[in-house]
Amino acid sequence: MAKSNPYAPRQWQPHEKPMLPGSPSTPIHPTKKRIAFGLVGLLITLTGALSNALVTANLTNLQGTFGAYSNEIAWLPAVYVMGNISINLLLVKFRQQFGLRIFTEAFLLLYVLVAFFHLFVNDLSSAIIVRTAHGMVAAALSSLGIYYQIQAWPAKHRLKALAIGISASQLAIPLARLFSSELLQLEEWRGLYLFELGLAMVALGCVLMLKLPPSDRSKVFEKMDFVTFILMAPGMALLCGVLSLGRIEWWFSTPWLGICLALAVVLIISAVVVEHNRKNPLINTRWLGSGAIIRLGIVMIMMRVVLAEQNSGAIGFLQQVGLQNDQLRGLALAIITGVVLGITASALTLKPAHFSWPIVTSLLIMMIASFMDSHSNPLTRPHNMYFSQFLLGFSSAFFMAPAMLLGIGSVVTQPKNLVSFVVLFGMSQNLGGLIGAAMLGTFQVWREKYHSSLLGDQLSLLDPNVTERLSQYSALFNSQLGDSALLSAQAVAQLQSVSTLQANVLAWNDTYLLTAGMAFCTLVWVLYRLTRQRIITRRQQQREAAAAQPISATSASMEKQ
């Protein structure tokens, strides 16, 4: 008996046909099964997103556990993004050629195995290797969560499914800050990985019990795809390493950063040249180089840079004044509330004709929230930032689905651009986050040095306010130190410490103003583009109406004759 061709196209009912190659078909499910698909989709999305969030939210604790310096522990989130952004080049074609079942079960099983091997990591080097593998495997879970959400909603509400599936990952970092302190008390860092392993095993069990409907398969891999991957993947990895470590090692004083950046540029340009001259490219450089796609990519990167104010800005500021995760739970709850409301609002308001306006609204909210945070002082605590961080949480979820759907329309009409769009969206989110953290962190350090120099110039013993403050500090330590010289030195050290803290607070305020300014500039540019597009459309309609008038007049005269 002849073996059936796995790549033969299936006969689909009109409502079952997959939206894109490699995506599942959409049969009609009973209500209970739809609810199950929705819950499993949320579980899978959070499982993939929490793997990096748990590490990012606890870098300080992990640094102590591994006995590492700050520049060494920073490699953990960096290599995760390296693996995640690189493997996206091949995942779409893997689904298309090998089918959803192998994709779903194989990657979740690999995820469980990687989480299991985390438990046997005993030093930083092995942890870095395992985190790289984890980033590669976790990249598959984001799209898998979206596919499960699509099954949970009928065709007329499918945009709601996309809004939930795309935006739910924004819950990961505030959730990690909410409960990770208790996990660390179990077996230090192994408590985090035990939780991650348990979550992955539950997700695997759910996927094995509730399988996605089948999809069409096609033989899409070409040998040159792997040449592009071999060039692009290490290039992007090196770029991620430079962005992650640049502000810690410092950009202009560490030779290896320049070497890595030069290699990254050479490798990425080589990959682009290879793809530009291919008949069937893995990455469609001509499509990515079109004006509309470039503008979309810039807007998405700028929004991700501005949103870095939440994790690199507000959280960094509060950690600067000495707060830990267990003291930031109220702030995490405020962010979670904002994200949930943002997802809800996005799902309820998504309309194909108005995808740009949620982006405009999000930029306006980001600008207001950043401006509110720019009035911080050394006594600012989490409760003072609840509303501003709630607004940032809301905007982070509200813009994601419209931003992705703005570009996916041309992908539906040209499925060959699917890999290119996935690469664009993944790069805008991953690289945008790294660029945002690097830019804001560098700017904060620069402004701190500036404010420290200004404050230092004003700390003169000729100033009665300075001498009064030194006297207060001397009185504070008088009962502990009997030596007058030591007492004076301690008072000076205390004053310098307070001055440094004040300089850092001023620098963070400048950073918040920077993000507000960036949001404002992006907002003005988006509004300009929308206004220009509306004017062009209106002029075209007027020309068409004017051209139609002579024809209608001629027809009327002929009818009279």
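Trp 250 is placed in the loop between helix H10 (223–249) and helix H11 (255–276), helices being DSSP runs of H or I with at least four residues, numbered from the N terminus. The model is predicted, so that local features need pLDDT of at least 70 and side-chain atom pairs count only at pLDDT 80 or more, while totals for chains, interfaces and linings use all residues. Residues are numbered from 1 along each chain as its sequence is written, and side-chain values use heavy atoms, with hydrogens and water left out. Phi of Trp 250 is near 80 degrees, a positive value in a residue other than glycine. With a relative accessibility of 28%, Trp 250 is partly exposed (buried is under 20% relative accessible area, exposed over 50%, partly exposed in between; 1.4 Å probe, protein chains only).

Aromatic pairs (ring centres of Phe, Tyr and Trp, the latter by its six-membered ring, within 6.5 Å; stacked under 30 degrees between planes, edge-to-face over 60, tilted for the rest) come to 6 by this rule. The rings of Phe 394 and Phe 398 are stacked because their centres are 5.3 Å apart and their planes are at 25 degrees. Both residues belong to helix H16 (residues 386–398), and their spacing of 4 residues corresponds to about one helical turn. Phe 394 and Phe 398 are both buried.

Arg 447 lies over the face of Trp 446, at 5.4 Å from the ring centre (criterion: NZ of Lys or CZ of Arg within 6 Å of the ring centre and within 35 degrees of the ring normal).

Phe 116, in helix H5 (residues 100–118), is partly exposed at a relative accessible area of 35%.

Notes:
Helices (H or I, at least four residues) and strands (E, at least two) are DSSP runs, numbered from the N terminus.
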